[in-house]
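Please open the model in your viewer and keep the selection tool at hand.

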Amino acid sequence: MAKKVKRLRVRKHRVVLNRSAGGDTAITIMLIILGALMFLPMYYTVITAFKPLGELSITPPKMYVMKPTFKNFIDLFTNMNQTWVPISRYIFNTVYISVASTAGALILGSMTAYALSKIRMPGYKALNNIIVYSLMIGSTITGTYNFIIYVYLGMLNTYSISILPVWASTLGLYLMKNFIDDGISDEMIEAARIDGAKELYIYWKIAMPLVKPAWLTLIVTTFQSVWNAGASVYVWSEQLKTFNAAVAQITGAAGANVGAATAGSVLMMSVPIIVFVVNQSQIVETMASSGMKD
């Protein structure tokens, strides 16, 4: 009697050995449920922005809109146009601060990570340990010291107070260094140096393309965190405030206008979502192909 041979599962011309079909189905169902739960707050925020005043006061709240309206968005911009600073100024501040913070964090973080990973300078191990330990220190602990530094440097109530601290963030530096350590071999760097390549050329033409997952992730996370940042206690000039801070201030001063406040939240979260969706495929693709070894 011939022995029955177990057929291997194949997906996209690749053999799958780890899970059964039932296991894949269970994991898929679980991910769908978790995804729906994560999407629910976003969905409720969007539908609330289009609800008229009568539907906003219904208890318990409905998970759908009976009579959609744009009045909440109109009320939001009407209130903002009544201020002595035009709304375009708030939008400019938000875009300028977000782009400048993201660009600076990417350039400084990647260059410093490359230097710590591939240039054996004196004390590089101690510097790396300081970076790791700094991740354990919360912003509440450093608040007083940061304020003293800001005052000494004259950064209060300026654009610098919203941009430069983001450049000094060690989280992106730590992420970039780990990717450079794992994704770029020392032999590759030494070969480029032997061929006469300068460090700046190696960093830009060799290191950065190979750690594309790291800097794409750094761009998305930094932009989202800066864009969604609320009002800064170090900025009190209306001409320097961001759109997010202005929306919170105006809707709060105008009373409990839940619809206008929610409309502002929808406008604020739409840009980071678009940025993430545009870069999502590239991040997944580069993450999947970044497991290169010596």
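Helices (H or I, at least four residues) and strands (E, at least two) are DSSP runs, numbered from the N terminus. This is a predicted model, in which local features need pLDDT of at least 70, side-chain atom pairs count only at pLDDT 80 or more, and totals for chains, interfaces and linings use all residues. Residues are numbered from 1 along each chain as its sequence is written, and side-chain values use heavy atoms, with hydrogens and water left out.

Select Asp181 and Lys177 in helix α8 (residues 170-183); because these residues are four apart, about one helical turn separates them. Their side chains form a salt bridge, with the closest N and O atoms 2.7 Å apart. A salt bridge here is a side-chain nitrogen of Lys or Arg within 4 Å of a carboxyl oxygen of Asp or Glu. Lys177 is buried at 12% relative accessibility, whereas Asp181 is partly exposed at 31%. Buried means under 20% relative accessible area, exposed over 50%, and partly exposed in between (1.4 Å probe, protein chains only).

Next, select Asp75 and Lys71, which are four residues apart in helix α3 (residues 71-81). A salt bridge joins their side chains at 2.9 Å, N to O, and Lys71 is partly exposed at 49% relative accessibility.

Finally, select Lys118, Arg120 and Asp186, which a network of salt bridges links. The structure holds seven salt bridges.
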